[in-house]
Amino acid sequence: MSSPEVDHPSPWPADTGRRATVLDSAMLTFARFGYRKTSMEEVARAARISRPGLYFLFSSKETLFRAAVGQALDRDLAAVEAVLADPGKPLRDRLVEAFDHWAGRYVGPLTSDVAVVIDDNPDLLGEVIETPRRRFEELITDAIATESDREVALAQTLISMSIGLKHQVSSREVYLERLKVAIDLLLR
């Protein structure tokens, strides 16, 4: 019987920043090479850490991948929550900025590879990806609910439209332009 994969959190507070840096490097490495072709050696090199040091923090490539994706999604959701909670901005502007944090930054050559790696490995990620997706939908629905009685349908339509746009456009700027048009049409 094999033991479960263990992620070794750092016992030293100063290492929290180092761990975050390693996860950022890992995400970029996974985006560059894909999950299957990425080695722990390559991640260690990118993060400027020894391979044993990397294995001390993360017991396997799977554990590292889950943690890297989890960190990226946590950051995205924190930014979305902050934007949507700003009562000083019109709903349209808050929605555009929220979608930009959630999906817009993943449009373009290298950053779209991050989204592809995540989308290509749903079984590996499971709840790591599903929980944030549900939370994003809740946040968008709640923001729209303050100004519309069709909040669930509008939120789901915006999310579907954003997913489609992300795969159709070649730049973040085009994504944001088309997103603004869609939001304007739906909020009429």
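Partly exposed describes a residue whose relative accessible area lies between buried (under 20%) and exposed (over 50%), worked out with a 1.4 Å probe on protein chains only. This is a predicted model, where local features need pLDDT of at least 70 and side-chain atom pairs count only at pLDDT 80 or more, while totals for chains, interfaces and linings use all residues. Residues are numbered from 1 along each chain as its sequence is written, and side-chain values use heavy atoms, with hydrogens and water left out.

**View 1. Arg92 and Asp184 form a salt bridge.** A salt bridge is a side-chain nitrogen of Lys or Arg within 4 Å of a carboxyl oxygen of Asp or Glu. Here the closest N and O atoms are 2.5 Å apart. Arg92 sits in helix α5 (residues 91–102) and Asp184 in helix α10 (residues 172–186), so this pair links distant parts of the chain, 92 residues apart. Helices (H or I, at least four residues) are DSSP runs, numbered from the N terminus. Arg92 is partly exposed, with a relative accessible area of 27%, and Asp184 is partly exposed too, at 32%.

**View 2. Asp24 pairs with Arg75 in a salt bridge.** The structure holds 13 salt bridges, and in this one the closest N and O atoms are 2.7 Å apart. Because Asp24 lies in helix α1 (residues 15–33) and Arg75 in helix α4 (residues 61–84), the pair ties together parts that are 51 residues apart in sequence. Asp24 is partly exposed at 31% relative accessible area, and Arg75 is partly exposed at 42%.

View 3. Arg133 is partly exposed, with a relative accessible area of 36%, and Glu130 is partly exposed at 31%.

**View 4. Thr38 lies in a loop and is buried.** You will find Thr38 in the loop between α1 and α2 (40–47), and its relative accessible area is 3%. Its side chain reaches the backbone oxygen of Gly34 at 2.6 Å. Leaving aside neighbours within four places in sequence, Thr38 is in contact (heavy atoms within 4.5 Å) with Thr29, Phe30, Phe33, Val43 and Lys61.

How values were computed. Helices (H or I, at least four residues) and strands (E, at least two) are DSSP runs, numbered from the N terminus. A polar contact is a pair of N or O atoms within 3.5 Å; within protein, one must be able to donate a hydrogen and the other to accept it, and residues adjacent in sequence count only if both atoms are side-chain atoms.
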